[in-house]
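Hi everyone, thanks for coming. Have the viewer open while I talk, and stop me if a term is new to you.

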Amino acid sequence: MIYMDAAATAPPRQNVLDMINPLLTRDFGNPASLHESGQQAKRASDWARTQVAGQLGVAAEEVYFTSGGTEGANAAVIGAALANPRGRVVVCSSVEHPAVMEACKYLVEFHGFEHRIIPVTGTGLVDLKAAGELIDTDVAVVSVMAVNNEVGTIQPVAAVAELAHEAGALMHTDAVQGAGWIDLKPLCAAVDALSISGHKIGGLKGSGAMYLSAKHRFVPLLHGGGQQGGMRSGTENPAAAVGIAVALQAATSQREAGLGANFGPYLIERILKELNAKHPGSVQLTGDPVRRVGGIVSFVFPQTAGETVLIELARKGILCSSGSACAAGSTEPSAVLTAMGYDEQLAHTALRLSFTRTAKENEISQVASAVVSCVSGLLG
């Protein structure tokens with residue numbers, strides 16, 4: 001079995017498991033409790049917050065731990081919109097994750113907001129000219145993801161943030177797929193809110209963190225005991241917090257060392273070259289060929305039908321996907337690919353190969369061979 005679905009979830013890192021074990025078995029007290037077990041748990045949470053803040057280049061009091069990327073995106077988009085009385089419009093790109101798209105729809109349905117959507121190019125990049133036309137003084141919040149979760153395109157977040165700030169709006173970026181592949185510090189410097197997820201970088205499922213600028217007010221989604229400065233009430237989860245802190249540190253170190261940087265380009269070059277040599281026009285890369293992260297590679301296969309390539313790869317023991325795990329089981333074509341201009345039939349042939357920086361070189365080579373073999377076998 002070769003696991004190539006890290007964009008859906010990455011395997012937990014061993015050092016994460018080692019660090020959180022004492023918090024699950026020994027120092028399991030409630031961080032709000034005054035006894036030693038509780039205070040030990042609180043110290044762990046405080047350490048994790050400081051570590052994440054350092055990785056993001058923000059103040060510790062601007063970091064909040066969440067249940068994952070979805071909560072972080074909801075808290076940022078909805079929290080910023082409801083706290084900003086100057087505008088009743090929310091703006092996002094047409095290729096956003098459902099965590100952002102559905103948050104915008106909620107604001108429309110239950111709070112009377114208008115929702116404007118920025119179109120993207122055929123490579124998945126937001127159209128900056130259109131963004132400039134859509135973002136005006138009526139806009140409360142703009143949300144554009146750092147890296148697309150299906151095709152790996154890196155978005156010009158700083159440029160969109162500049163447009164948002166010129167109009168007086170707040171800017172959020174979903175950096176779930178960016179963590180470990182791009183530097184998050186410049187992103188945080190450019191935006192007012194950022195959300196990440198633990199299980200995409202080797203932390204725990206059900207863990208996340210968000211940066212909310214102390215310069216602005218955000219309405220909290222959760223109300224209760226006032227934990228985390230009242231912004232995210234509910235008993236804190238020190239193990240999850242430590243897990244995401246350790247995972248983010250490791251992911252950053254691996255990125256800075258350039259580990260696995262050539263895996264994506266290698267897969268792209270080899271699959272395109274070998275398949276098109278055997279069967280011209282049989283494969284197309286999706287996403288931007290230059291502005292992309294190395295850990296997500298996506299193709300469509302014009303001469304095949306549906307998910308046949310995905311099925312054939314599964315038979316060979318290669319675990320991958322056709323796109324977002326949040327849309328798994330849906331009969332609808334990828335909303336990301338259709339927004340990029342692909343027709344429904346072609347979008348149904350999508351294959352996403354995603355992996356961590358610790359993937360093995362021989363496995364990447366095997367995957368390239370398997371893709372070429374499977375598609376060639378289908379085409380005869």
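Let's begin with α8, which has 19 residues and reaches 27 Å from its first C-alpha to its last, close to the 27 Å expected at 1.5 Å a residue. That expected span is 1.5 Å times one less than the number of residues in the helix. When I say helix, I mean a DSSP run of H or I with at least four residues, a strand is a run of E with at least two, and both are numbered from the N terminus.

Quick word on where this comes from: it's a predicted model, where local features need pLDDT of at least 70, side-chain atom pairs count only at pLDDT 80 or more, and totals for chains, interfaces and linings use all residues. Residues are numbered from 1 along each chain as its sequence is written, and side-chain values use heavy atoms, with hydrogens and water left out.

Back to α8: is it mostly covered or mostly open? It's mostly covered, with 16 of its 19 residues buried. Buried means under 20% relative accessible area, exposed means over 50%, and partly exposed is in between, using a 1.4 Å probe and protein chains only. After α8 comes Gly258, whose phi is positive, near 75°.

So what's inside? In soluble globular proteins, nonpolar side chains tend to be buried together. The largest nonpolar core here has 67 residues, and Val52, Leu56, Val142, Met171, Leu184, Leu194 and Ile196 touch the most other members. Helix α8, residues 238-256, gives the most to this core, with nine residues. By nonpolar core I mean a set of buried Ala, Val, Leu, Ile, Met, Phe, Trp, Tyr and Cys residues joined through side-chain atoms within 4.5 Å. A second, separate core of 29 residues includes Leu275, Val297, Ala359 and Ile364.

Now pick out Leu56. Leaving aside its neighbours within four places in sequence, Leu56 is in contact (heavy atoms within 4.5 Å) with Leu184, Lys185, Cys188, Leu194, Tyr211 and Leu248.

Next, helix α1, residues 14-25. Its twelve residues should span 16 Å at 1.5 Å a residue, and the end C-alpha atoms are 17 Å apart, which agrees. Which residues of α1 are buried? Val16, Ile20 and Leu23 are. They sit on the same side of α1 because they cover an arc of only 40° around the axis, where the arc is that of the directions from the helix axis to the C-beta atoms. An α-helix has 3.6 residues a turn, so residues three or four places apart point the same way. The face turned away from the buried side of α1 carries the exposed residues Gln14 and Thr25. Among the elements covering the buried residues of α1 are α2 (36-56) and α8.

On to strands. Strand β10 (residues 296-300) pairs with β12 in the antiparallel sense over four bridges, and for a pair DSSP has to find at least two. Ile296 stands opposite Ser354 in β12. In β12, residues 351-354, Leu351 and Leu353 point one way while Arg352 and Ser354 point the other, and all are buried.
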